[in-house]
Amino acid sequence: MPAYSLTMSTAVLLAVKMSAECDPVLKHTFTFFSYVSNEVQSLEVVVNYVLRVDKQKDKEDVSLTIQQCSLILHSDDQKVTSISLHRVVHDSIQLYIANGADGNTKSRIPLYVFQSLLQQKCALGEIALIPHLKAFYTRTKNISSEMMVLSSMKIKMKQRMLKQIFDLTSFLSQHGEYLISKNYLILALKMATNGDNKGNGDRKESLHVSFPKIGEIYNNLGTIENFLGNTKQARKYLKEALKILSRQHGPSHKSVSKCLINLANLPCSSPEECDKNIMYSELALHKDDSLETKAIHYTNLGRKHYNDGELDEAVKDYLQAYEIFRKTLDVPGTNLQLTFMRLALLASNFGAIFYLKENYSLSRKQLTISVDIYRTITGPTNLNLANSYYNLGLVQSKLNELADAEFCFRRALEIYSTQLQSSDERIAIVSQNLAGVLEKTGQLREAKMLDEQYGTC
């Protein structure tokens with residue numbers, strides 16, 4: 001974060017204060033910006049927020065006032081007007097708001113900001129929303145009254161917002177933003193259950209009647225927890241999703257089959273868990289004998305053989321899964337992104353097998369394929385990409401390709417640090433391996449810093 005002179009910061013803070021106190025529209029605008037990022041934002045979203053707070057204002061007047069404010073940067077280069085803030089202005093606005101403006105703990109302002117973000121018509125593209133959603137969550141996660149405000153909404157508004165949050169988190173997950181997606185899905189659950197995720201008795205049994213998306217929300221939460229490596233919690237959410245979706249749609253519905261597939265995809269660390277995964281994939285096959293389901297079934301068989309140490313059998317099963325997934329690419333309606341991600345995971349599995357067989361060259365080839373697919377399909381911050389980078393780093397260390405290993409460990413650490421809680425053991429493990437490479441290449445100072453930061457040695 002850049003450091004600004006005291007004189008500049010004081011002058012900007014004074015300008016923010018004077019503008020806000022002279023014009024209510026600008027005060028509302030600054031309040032909105034205090035909850036979001038300083039990055040590019042659609043003017044329409046901010047105007048929408050101001051009109052929610054002050055219904056007496058005229059839309060055109062609000063828009064003109066915001067654009068004429070010298071503290072706000074704006075651009076008409078695109079189809080719509082976009083606005084943003086210089087960092088020092090954003091910092092001053094946050095300080096001004098924190099020092100007394102809109103300090104009512106029961107304020108509905110967070111709700112209005114969130115509703116305005118959700119209702120953006122994607123004028124700047126959905127990706128532009130991501131930094132604002134992250135900033136909003138950071139700003140509001142400790143507001144104790146937030147759930148009371150949300151739980152007091154009318155049922156139709158909650159239903160609409162749950163649908164919007166579901167669509168939003170699906171988009172965030174596609175871009176590898178699992179942690180923030182998880183946070184907003186949990187918010188959706190709290191909205192539906194009035195702050196009680198566990199639910200109770202009859203209400204839980206009929207929750208899907210009021211909120212048709214609730215089963216899919218549990219299903220997506222389970223999938224995201226799996227991506228984040230929280231297998232126990234993932235299994236809990238997916239089992240709940242399976243109950244709700246079966247009750248809502250009947251046991252033969254496609255959503256039930258999809259949930260069974262997600263349960264079958266969970267990592268298994270014991271023979272019992274692997275057997276359960278095979279059971280889930282067999283149940284899914286009975287309901288849906290599509291190529292996708294067959295491929296997932298072979299993937300689970302391969303995983304079981306891998307865990308049992310039967311590496312040659314695992315290779316056979318993974319090859320079967322690979323060939324079937326390849327065939328699905330020619331089937332109309334196939335989710336190409338998801339299929340390529342599964343092919344990337346299979347390449348990673350092959351890499352792990354060849355690593356154990358000490359065929360490091362072949363392991364490197366498969367893991368490189370996995371990295372290349374994930375980079376192309378999921379973007380630069382996907383957890384699966386981090387896993388493949390980490391495994392590729394291990395192989396390159398074995399091959400004494402230390403510069404390449406360092407690069408891979410750094411990339412894995414960068415992604416883990418972005419997507420995971422700081423206490424997650426994967427951060428410490430990759431740091432330990434990176435420190436080992438740095439020591440071998442004479443970068444002792446940084447290796448020591450990693451040890452001090454993560455306790456790697």
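Phe114 and Phe136 are both buried. In this predicted model, the two rings form a stacked aromatic pair, with 5.4 Å between centres and 5° between planes. The structure holds 12 aromatic pairs.

**Aromatic pairs**

- Ring pairs join Phe114 and Phe136 with Tyr35, Tyr137 and Tyr184 into a cluster.
- The ring centres of Tyr390 and Phe409 lie 5.9 Å apart with the planes at 45°, so this pair is tilted.
- Tyr390 belongs to helix α21 and Phe409 to helix α22 (residues 402-419); the two are 19 residues apart, and their pair links distant parts of the chain.
- Tyr390 has a relative accessible area of 17% and is therefore buried.
- Phe409 is also buried, with a relative accessible area of 0%.

**Helices α20 and α21**

- The axes of α20 (residues 360-377) and α21 (residues 383-398) come within 9 Å and cross at roughly 155°.
- The two helices are therefore roughly antiparallel to each other, and the crossing of α20 and α21 is left-handed.
- Residues making the contact include Tyr360, Leu367, Val371 and Arg375 of α20 and Leu385, Tyr389, Leu392 and Lys398 of α21.
- Eight of the contact residues are nonpolar, six polar and three charged.

**Asn220**

- Asn220 lies in helix α13 (residues 214-227).
- Its relative accessibility is 16%, so Asn220 counts as buried.
- Leaving aside residues up to four places away in sequence, Asn220 touches Phe166, Ser170 and Leu185.

Notes
Residues are numbered from 1 along each chain as its sequence is written. This is a predicted model: local features need pLDDT of at least 70, side-chain atom pairs count only at pLDDT 80 or more; totals for chains, interfaces and linings use all residues. Side-chain values use heavy atoms; hydrogens and water are left out. Axes are lines fitted to C-alpha atoms, for helices over the stretch in contact, and angles run from 0 to 180 degrees between N-to-C directions. Helices (H or I, at least four residues) and strands (E, at least two) are DSSP runs, numbered from the N terminus. Angles under 35 degrees count as roughly parallel, over 145 as roughly antiparallel, 65 to 115 as roughly perpendicular and the rest as oblique. A crossing is left-handed if the near helix is turned anticlockwise from the far one by less than a right angle, and right-handed if clockwise. Contact means heavy atoms within 4.5 Å. Ala, Val, Leu, Ile, Met, Phe, Trp, Tyr, Cys and Pro count as nonpolar, Asp, Glu, Lys and Arg as charged, and the others, Gly among them, as polar. Buried means under 20% relative accessible area, exposed over 50%, partly exposed in between (1.4 Å probe, protein chains only). Rings of Phe, Tyr and Trp (its six-membered ring) pair if their centres lie within 6.5 Å; planes under 30 degrees apart count as stacked, over 60 as edge-to-face and the rest as tilted.
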